[in-house]
Amino acid sequence: NKEQREKYIEERYEKIQKMATVGPADRFILKFWLQGLTCQEISTRFFIQSWEIRQRIRRLRKELGEDLVPLDKIDRPGKGRRMLIDLMAVILPCDE
């Protein structure tokens, strides 16, 4: 119904606004995380410890919500995650 659709659109818009607050380094981390890389794999790309990646993922999860930053690898990637990665590429481009 119309009311549910409007609520869904409003929630999506709020999530997009939250994502706009993510800094460049965290954007890369989130992108790789949603693509299914482990903390260890991401840490080798950033030359930092894997515990720091885990810490950033936890912080991003707290800031953006568990639906945008899933904790378990089984929850990533998927159709919804692919859409999120594509959305991030348009709204929050990373300089690779």
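First, a word on what we are looking at. This is a predicted model, in which local features need pLDDT of at least 70 and side-chain atom pairs count only at pLDDT 80 or more, while totals for chains, interfaces and linings use all residues. Residues are numbered from 1 along each chain as its sequence is written, and side-chain values use heavy atoms, with hydrogens and water left out.

Let me begin with helix α2, where aspartate 26 has its place; helices here are DSSP runs (H or I, at least four residues; strands would be E, at least two), numbered from the N terminus. Of the 11 residues of α2, nine are buried, so that the helix is mostly covered, where buried means under 20% relative accessible area, exposed over 50%, and partly exposed in between, with a 1.4 Å probe and protein chains only. The buried residues of α2 are Asp26, Arg27, Phe28, Ile29, Leu30, Lys31, Phe32, Trp33 and Leu34. After α2 comes glycine 36, whose phi is positive, near 105°.

Which residues have the most contacts inside the largest nonpolar core? They are Ile42, Leu64 and Val69, in a core of 17 residues, a nonpolar core being a set of buried Ala, Val, Leu, Ile, Met, Phe, Trp, Tyr and Cys residues joined through side-chain atoms within 4.5 Å. Two or more residues of this core come from each of α2 (24–34), α3 (39–46) and α4 (50–64), and the largest share, six residues, is from α2. As for isoleucine 42, if we leave aside its neighbours within four places in sequence, the residues in contact with it are Ile29, Phe32, Trp33, Leu37 and Ile53.

Between α3 and α4 there is a loop, and isoleucine 48 lies in it. This isoleucine 48 is partly exposed at a relative accessible area of 24%, and, residues up to four places away in sequence not being counted, isoleucine 48 touches Ser43 and Ile53.

Turning now to α4, we have a helix of 15 residues that reaches 21 Å from its first C-alpha to its last, close to the 21 Å expected at 1.5 Å a residue; the expected span is 1.5 Å times one less than the number of residues. Its buried residues are Ser50, Ile53, Ile57, Leu60 and Leu64. They cover an arc of only 75° around the axis, and are therefore on the same side of α4, the arc being that of the directions from the helix axis to the C-beta atoms. These buried residues of α4 pack against α1 (2–19), α2 and α3. Just after α4, glycine 65 takes a positive phi of about 105°.

That brings me to the charged side chains. How many salt bridges does a search of the whole structure find? It finds four, with a salt bridge taken as a side-chain nitrogen of Lys or Arg within 4 Å of a carboxyl oxygen of Asp or Glu. One of them joins arginine 56 and aspartate 26 at 3.1 Å, N to O. Because arginine 56 lies in helix α4 and aspartate 26 in helix α2, this pair ties together parts that are 30 residues apart in sequence. Aspartate 26 is buried, at a relative accessible area of 10%, whereas arginine 56 counts as partly exposed at 21%.

Aspartate 26 also forms a salt bridge with arginine 59, where the closest N and O atoms are 2.6 Å apart. Here again a residue of helix α4, arginine 59, is paired with one of helix α2, so the parts tied together are 33 residues apart in sequence. Arginine 59 is partly exposed, with a relative accessible area of 33%.

Glutamate 52 counts as partly exposed, at 22% relative accessibility. Through shared partners, salt bridges join Asp26, Glu52, Arg56, Arg59 and Glu63 into one network.

Technical notes. Contact means heavy atoms within 4.5 Å.
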